[in-house]
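The entries below follow the order in which I checked them.

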Amino acid sequence: MRIGSLTLRSSLFLSPLAGYTNLPFRLTLRELGGLDLATTDLVNARSLLEKNPKALKLIESCPADRPLAVQLFGSVPEEMRDAAAYLESIGISAVDINMGCPVRKVCRVGGGSAMMTELDKTAQLVKGMVDAVKIPITAKMRLGWDDQNLTAPDLARTLEDVGTAAIFVHGRTREQGFGGRVNLSGIRAVVEAVKTIPVIGNGDITTPEAAKHMIDATGCAGVSIGRGAFYNPWIFLHAQHYLRTRELLPDPRFEERVRVMCRHLDLMIEVFGETHGCRMFRKVAPWYSKRFGPANEFNKRVVQLAGRAEFYRILDDYLGWRRQFLDESGELKPAYRPAALVASFMEDQPQATQRQQIPVPNGPVEVW
């Protein structure tokens, strides 16, 4: 598919999640396959222009991490324009404008979801960015501020008129946060509101079947996956295969899940150093263990992780403890197997197995 001047090999995208979609995680996903355009954590445009070290760390990349979009938030047109020009100058492939973040500190300064309430002002800001660079400018939005103000179709139409190259839309309102059911008809209304640019759907894509269902039900050109990638880093590879062949690939074996978890840790240490990388990995490892079956013994120790050698001691002890839940063939006994993930909008699934809200680990994701 195409987004402005970019030709992409996949219609599956990595959504930005504050504090989590950093370089190590993006590289882990890219090594597994199926992902092309990924987006960084949201970055304050002013902090980027001031060369704030934290902002520069958020956009850290490498040749293997391409194509890459950086997501900006801010409400000062000159700052957003100049930040986009800077990103273009260092080789970033696209700039995404955050119009969907519901967290108060972003909305309070006129960024995030607050941009959905002032269409003319937002259009002028975006046009200034589009006119300043050659790389695509895209926008990430929610359906609206609340159920009484579903402004996404009007905003999408306005943004298309000023040159926005693509729209990413999360099928919930700002008021919903990450709770409740994703509104597929709301996403479809955004698709129908624009004439020529692609609309990418987002929200509760936890399985290949969910990705196909959202595309079929809304007519969107692709899907963007955020928290679903933390539960299942293979989702891009498996969803891409399913969209092409209608064949479901088998779930990764436990040994493969452990291998990828260890690779993720190695990349965290490589990028952030052992002390800080291991500290950050405390909130990452429990995502992997959600698909391990019983993991209490692992989780209660890994959340205090301080070093690489300690991690492998924790892992070795856990592998021994976990054997009590295995059958003669080395597989988890049926009673201990994790339940299948099911998207909130999969209407043909039994209600009892649907997730009304995907739980997330403690940290900024809970309020992002």
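**Overall layout**

I counted the secondary structure first: the protein has 16 helices and 10 strands. I note that the model is a predicted one. The protein has 368 residues, and 57% of them count as buried. I then looked at contacts between residues at least 6 apart in sequence, and 70% of these join residues at least 24 apart.

**Nonpolar core**

I asked which residues have the most contacts inside the largest nonpolar core. They are Leu72 and Phe311, in a core of 98 residues. Helix H12 gives the largest share of this core, 11 residues. I also found a second, separate core of 11 residues, with Leu37, Ala166, Phe168 and Ile200 among them. For context, I recall that nonpolar side chains tend to be buried together in soluble globular proteins.

I followed up on Leu72, which sits in strand E5, residues 68-73. Leu72 has a relative accessible area of 0%, so it is buried. Leaving aside neighbours within four places in sequence, I listed the contacts of Leu72, including Val43, Ala45 and Leu48. Further along the chain, the list for Leu72 also includes Met80, Ala83, Ala84, Leu87, Val95, Ile97 and Met129. Asp96 and Asn98 are also in contact with Leu72. I took one C-alpha distance here: Leu72 and Met99 are 27 residues apart in sequence and 9.4 Å apart in space.

**Helix H7**

I checked how the buried residues of helix H7 (residues 152-161) are arranged. Ala152, Pro153, Leu155, Ala156, Leu159 and Glu160 are buried. Seen down the axis of H7, these buried residues fall within an arc of 160°, so they line one face of the helix. I then looked up what the buried residues of H7 pack against, and found strands E6 (94-99), E7 (137-142) and E8 (166-170). Helices H6 (119-132) and H8 (184-193) are also packing partners of these residues. H7 is followed by Gly163, which has a positive phi, near 105°.

I came back to Glu160 from another part of the chain. Lys195 and Glu160 are 35 residues apart in sequence, with their C-alpha atoms 8.1 Å apart. Lys195 lies in the loop between H8 and strand E9 (199-202). I recorded Lys195 as exposed because its relative accessible area is 78%.

**Largest pocket**

I looked up the volume of the largest pocket and found about 830 Å³. Its lining is made up of 30 residues, and those nearest its centre are Asp251, Pro252, Arg257, Arg291 and Pro338. Helix H9 (208-218) and helix H12 (254-272) are the elements that give two or more residues to this lining. H12 supplies the largest share, three residues. I sorted the lining by class and got 15 nonpolar, six polar and nine charged residues.

**Arg308**

I checked Arg308 in helix H16, residues 308-322. Arg308 is partly exposed, with a relative accessible area of 31%. Which residues is Arg308 in contact with, leaving aside its neighbours within four places in sequence? I found Asp266, Ile269, Glu274 and Cys278. Glu274 is 34 residues from Arg308 along the chain, and their C-alpha atoms are separated by 7.0 Å.

The peptide bond from Arg66 to Pro67 is cis, with omega near -5°. Pro67 lies in the loop between helix H3 (53-58) and E5.

Lys51 has a phi of about 60° and lies in the loop between helix H2 (45-49) and H3. Asp204 has a phi of about 65° and lies in the loop between E9 and H9.

Is each of these two buried or partly exposed? Lys51 counts as partly exposed, at 41% relative accessibility. Asp204 is buried, with a relative accessible area of 6%.

Key
Residues numbered from 1 in each chain as written. Predicted model: local features only at pLDDT ≥ 70, side-chain atom pairs only at ≥ 80, totals over all residues. Heavy atoms only, no water. 1 Å grid on protein atoms, 1.4 Å probe; cavity = no way out; pocket = protein on both sides within 12 Å on 5 of 7 lines; lining within 4 Å. Points joined across faces, edges and corners; volume = space filled by probe spheres on them. Helix = DSSP H or I, 4+ residues; strand = E, 2+ residues; numbered from the N terminus. Nonpolar A, V, L, I, M, F, W, Y, C, P; charged D, E, K, R; others polar. Buried < 20%, exposed > 50% of the residue type's maximum accessible area, 1.4 Å probe, protein only. Contact = heavy atoms within 4.5 Å. Arc of directions from axis to C-beta. Core = buried A, V, L, I, M, F, W, Y, C linked by side-chain atoms within 4.5 Å.
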